[in-house]
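Subject: Structure handover

Hi there,

As promised, here is the structure we talked about.

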Amino acid sequence: MIHIFGHKNPDTDSIVSAIALSHLRQSQGVECVPYRLGDVNKESKFVIDRFGFEAPKLLKSVKPVVQDLNYDKPDSLKGTDSILCAYEKMHEMNSKILGVTDDDERLVGLVTMKDIAMSFIDGEYSRVNTLLSNMEEVLEATVVNVGRKDIAGNVAIAAYYQDTLMEGDYFDEDTILVVGNRFDIIEYALKKNVCLLVVTGGNELSDEVMATIKSSDVSVIMTDFDTYKTSQYILQANMVKTIMTKGDLVKFYEDDLVDDIKETLLSSKHSNFPVVDLHNRYLGFMGRRHLLKPNRKQVMLVDHNEYRQSIDGLSEAEIVEIIDHHKIGDISTKQPVTFINSPVGSTSTIIYQQYLLNRVRMPNHIAGLLLAGVLSDTLNLKSPTTTYLDREAVKELNLLCNVDVDTFFMEMFKAGTSLEGISEEEIFYKDFKEFGNEGSKIGVSQVYTLDIEDVQKRQDKIMEVLTAVHENNRYDMTFMLVTDVSKNGSYVYYQTSLPAVMSMIFDRPLEQGIFIDELVSRKKQVIPRIFDAIDTHGKA
């Protein structure tokens, strides 16, 4: 399964591109799912609601988790299974450990080959706690009469004379008696109401004895094993729960990060650990060898191609495709991948082109999403980043979704630019991106609004947030652009560790909250100027 997602602090173009690309690739037979790397902003929510979609699920990391490992998945046992059954399953699956589960498949214990061996060395040699069905299976016996089905008692072998047995009063209701074709002993055992009578040797019983057995409340089985072999096998009928390890088991959950469990795996004296889901349902076992080659998650990136803008653990994932309209960043791959990068106004434009190139029919609601993505990123085709291809995309997409473009854009824009009920920190992170270039690290937030007075009233608190972000992340420069679409320009707030460079960026001295006319594109008008100024003046 391939995970498709845009950048952190996702904007509308990032969200809709992930959804649309997922639909396109699914149409081509690729198993994939769209995700998001942050909260859905008001504008994006307006768009996906308008066209009948649900927000993609939040994805926090693509680091390998236990679920990504090729761990062993042997069948589990039930606590009532016999020890012999456990041994045979281990032999069949070439495993030395099995999980024991309840009726809901929840893990209740573990049993190992060592547990089985030790049960015959240190266990109770004469005590059996099992089910009648286990006795039948282990001794390859035939059930002659059913009394008790839960068999728990001490094993006795009728080797003495009848008189000796009777005088010693060896039998009671807690006795599992093993006997050959000694009819007198059988009748005596039935009178004593023993727990279970095991008749060995495969000899037929007389009609009279059979009638006596049938009239009793004693469970009776007959086996072809001789008495010696029966005595060897009978302890193997004990239930697994009598020897399993239980209680506070060391186990891993399928969504545990591999990094978090490595120390336990490498330092523990145990070599295998059970894997369970969030409901404690048994899934299998893993050991140190499973860490050697984990399956890396496959991902497709849209609307970004820099590590710092992407998901945690991306370097440990397998990137299979990138579609973006920003400058080429620092992401590298170990294998050739599809990398589509085009200098257009939005990633949505490129996704639209991919539908055309691959001759995949686009549903109307997907067209609506992509139309919104183009309009959002190009400010209704008025941004300096707008190209002929963006205009063509809007025209063709609107043939499918049929909206009044200007009206739709203003509805979308108003929904997204409302700052009511939003904290200063939330305002700052509405659309925040981190950029890097040859050792420089820059953070730039951009907020679009029609209510510039509200932002100016909050200027002091916004500057506190901006300063904290700048210092905590040790950025060389941190900007916040408050873009007023009605004035076609932006108010600039900033913090810098390179004051000598600042005046070079916008060709004028800067002061907090300065308005710069026609400054609306972070990608095309701000980031290139910042890095050009740093390259020219240097960081000294």
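First, the ground rules. This is a predicted model, in which local features need pLDDT of at least 70 and side-chain atom pairs count only at pLDDT 80 or more, while totals for chains, interfaces and linings use all residues. Residues are numbered from 1 along each chain as its sequence is written, and side-chain values use heavy atoms, with hydrogens and water left out.

**The sheet**

Five strands form an open sheet in the order S19-S20-S21-S22-S23, with mixed pairing. Helices (H or I, at least four residues) and strands (E, at least two) are DSSP runs, numbered from the N terminus, and two strands pair if DSSP finds at least two bridges between them. The edges belong to S19 (432-437) and S23 (514-517); each has a single partner strand, so one side of each lacks a neighbour in the sheet. On average, neighbouring strands here are turned by 30° against each other, direction ignored. For angles in general, axes are lines fitted to C-alpha atoms (for helices over the stretch in contact), and values run from 0 to 180 degrees between N-to-C directions.

S21 (residues 477-484) and S22 (residues 489-496) pair in the antiparallel sense over eight bridges. Methionine 477 stands opposite threonine 496 of S22, and methionine 480 stands opposite tyrosine 493 of S22. The hairpin of these two strands has four residues between them, and asparagine 488 there takes a positive phi near 55°. On its other pairing, S22 meets S23 in the antiparallel sense over four bridges, with isoleucine 516 in S23 as the bridge partner of serine 490. Six of the eight residues of S22 are buried, where buried means under 20% relative accessible area, exposed over 50% and partly exposed in between (1.4 Å probe, protein chains only).

Helix H17 (residues 459-473) lies across S19, S20 (440-449), S21 and S22, and runs at about 50° to S22. Helix H19 (residues 522-537) also packs on the sheet, touching S19, S20 and S21, and its direction makes about 155° with that of S20. Contact means heavy atoms within 4.5 Å.

**Helix pairs**

H2 (residues 42-50) and H14 (residues 405-417) pack at about 135°, with axes 6 Å apart. That makes H2 oblique to H14: angles under 35 degrees count as roughly parallel, over 145 as roughly antiparallel, 65 to 115 as roughly perpendicular and the rest as oblique. Their crossing is right-handed; a crossing is left-handed if the near helix is turned anticlockwise from the far one by less than a right angle, and right-handed if clockwise. On the H2 side, the residues include Phe46 and Val47, which belong to a set meeting residues of H14, among them Phe408 and Met412. The contact divides into six nonpolar, one polar and four charged residues. Here Ala, Val, Leu, Ile, Met, Phe, Trp, Tyr, Cys and Pro count as nonpolar, Asp, Glu, Lys and Arg as charged, and the others, Gly among them, as polar.

H3 (residues 83-93) and H4 (residues 113-121) pack at about 140°, with axes 10 Å apart, in a left-handed crossing. Ile83, Ala86, Tyr87 and Met90 of H3 make the contact with Met113, Ile116, Ser119 and Phe120 of H4.

H1 (residues 12-27) and H12 (residues 364-378) pack at about 150°, with axes 9 Å apart, which makes H1 roughly antiparallel to H12. H1 passes H12 in a left-handed crossing. Their contact has seven nonpolar, four polar and two charged residues.

**Positive phi values**

Most residues other than glycine have a negative phi, and a few places here are worth a look. Where does aspartate 303 lie? Aspartate 303 sits in the loop between S16 (298-302) and S17 (318-324). Its phi is near 65°, and aspartate 303 is buried, with a relative accessible area of 0%. Asparagine 402, in the loop between H13 (388-401) and H14, has a positive phi of about 50°, and at 67% relative accessibility asparagine 402 counts as exposed. Lastly, H7 (residues 183-191) has buried residues including Ile185 and Leu190, and is followed by asparagine 193, whose positive phi is near 55°.

Best wishes
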